[in-house]
Every structure is written in structure tokens, then in C-alpha cells.
Amino acid sequence: MRYLVTAGLRAGRGPALRDAIAGGTLGAGSVAGGEYLRNMAQARALPDGRVQWVETCFCDVPLQEERPYWAVFFELEAVKDAHARSTCRHENGTEPWACVGCDCTNRLDARLAGRGTPFVP
């Protein structure tokens, strides 16, 4: 499933986050692997200072695996379904793990690109 994540950057954590992104270590040790770096490459900085990105997650609890990694840098404010679960082939049971090869993320990222500015220049 795809989620629209809205978060505030924790005070003083910007430099460490930039270093983790630049060094490719963001999310190291997570089963989600390079998804964290992809998320930040597509993330948008909103005018109010918050950050939004689209994230793919297969956990029963949204972002269950990812939350500890994000919590180091962000206060997660909202994690919402990015589209209807009924149209997600993984969620509606028609194709397990469909999100792996689905173009939903690209389409959702394209819509998100109209908001704010790139979080990572």
C-alpha cells in the first residue's frame, strides 16, 4: 500500500539527515533498504516547514518497520492511505506484493511534485 506521509523535521537533525542521505546510509539495516533514499529524493518541503513523501509499506500497521528509522529524524504527523485500498491489487487480494511492480508511486510522486519545493535539492 502507498501512504502519504507528513512529518516535521526534528530540531537539530537536519545535518545528520543530510549526511545519511549523502552517504547512502539512511535506513541501513531495514528490510526496506533503499526505499528511504528514494522517499527523500521525491519528498517535498511544504511552506509551513513540514515534509511530505509517498511511501510503500506492506506491514499490517502502516510504517511499522520504517517508523523507528524515521523517528530519528522526523516527528511523523500523519500517515494516510495515498489512494483507495479497493484499487490496490495487493490490498484487495488480487495480486500479493503488487506494489513492487506497480507504477502507483510514480503517479503519486508526480502529483506530490506540485506541492512545495524539493526537500533534497
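In what order do the elements of the protein chain run from the N terminus on?

1. Order of elements. From the N terminus on, the protein chain runs β-α-α-β-β-α-β-α-β, and the secondary structure comes to four helices and five strands, where helices (H or I, at least four residues) and strands (E, at least two) are DSSP runs numbered from the N terminus.

2. Basis of the remarks. This is a predicted model, in which local features need pLDDT of at least 70 and side-chain atom pairs count only at pLDDT 80 or more, while totals for chains, interfaces and linings use all residues. Residues are numbered from 1 along each chain as its sequence is written, and side-chain values use heavy atoms, with hydrogens and water left out.

3. Totals for the chain. Of the 121 residues of the protein chain, 36% count as buried; buried means under 20% relative accessible area, exposed over 50%, and partly exposed in between, with a 1.4 Å probe and protein chains only. The chain exposes about 6,500 Å², of which carbon and sulfur atoms supply 54%, the areas coming from the Shrake-Rupley method with a 1.4 Å probe, and for residues only the protein chains shown count as cover. Among contacts (heavy atoms within 4.5 Å) between residues at least 6 apart in sequence, 70% join residues at least 24 apart.

4. Five strands form an open sheet in the order 4-1-3-2-5, with antiparallel pairing, two strands being paired if DSSP finds at least two bridges between them. Strand 4 and strand 5 (117-118) are the edge strands, each pairing on one side only.

5. Strand 1 and its neighbours. Strand 1 is joined to strand 4 by seven bridges, and the two run antiparallel; in strand 4, Leu-76 is the bridge partner of Ala-7 and Glu-75 that of Gly-8. Strand 1 also pairs with strand 3 in the antiparallel sense over seven bridges, where the partner of Thr-6 in strand 3 is Gln-52. Six of the eight residues of strand 1 are buried, so this strand is largely enclosed by the rest of the structure.

6. Helix 1. The buried residues of helix 1 (residues 14-22) are Gly-14, Leu-17, Ala-20 and Ile-21. Because they cover an arc of only 125° around the axis, they fall on the same side of helix 1, the arc being that of the directions from the helix axis to the C-beta atoms. These buried residues pack against strand 1 (2-9), helix 2 (35-42) and strand 4 (74-81), whereas the face turned away from the buried side carries the exposed residues Asp-19 and Ala-22. Just after helix 1, Gly-24 takes a positive phi of about 70°.

7. Helix 2. In helix 2, the buried residues include Glu-35, Tyr-36, Asn-39 and Met-40. Their arc of only 135° around the axis puts them on the same side of helix 2, and what covers them includes helix 1, strand 3, helix 3 and strand 4. Helix 2 lies across strand 2 (44-45), strand 3 and strand 4, running at about 135° to strand 3; axes here are lines fitted to C-alpha atoms, for helices over the stretch in contact, and angles run from 0 to 180 degrees between N-to-C directions.

8. Nonpolar cores. A nonpolar core is a set of buried Ala, Val, Leu, Ile, Met, Phe, Trp, Tyr and Cys residues joined through side-chain atoms within 4.5 Å. Of the 18 residues in the largest one, Leu-26, Met-40, Trp-53, Trp-70 and Phe-74 touch the most other members. The elements that give two or more residues to this core are strand 1, helix 1, helix 2 and strand 3. Apart from it lies another core, of five residues, among them Ala-82, Cys-104, Leu-108 and Leu-112. Not counting residues up to four places away in sequence, Phe-74 touches Ala-7, Gly-8, Leu-9, Arg-10, Leu-17, Met-40, Val-51, Trp-53 and Phe-119.

9. The loop between strand 3 and helix 3. With a relative accessible area of 0%, Leu-63 is buried. Gln-64 lies in the loop between strand 3 (50-56) and helix 3 (67-71) and is partly exposed, with a relative accessible area of 49%. Not counting residues up to four places away in sequence, Gln-64 touches Cys-57 and Cys-59.
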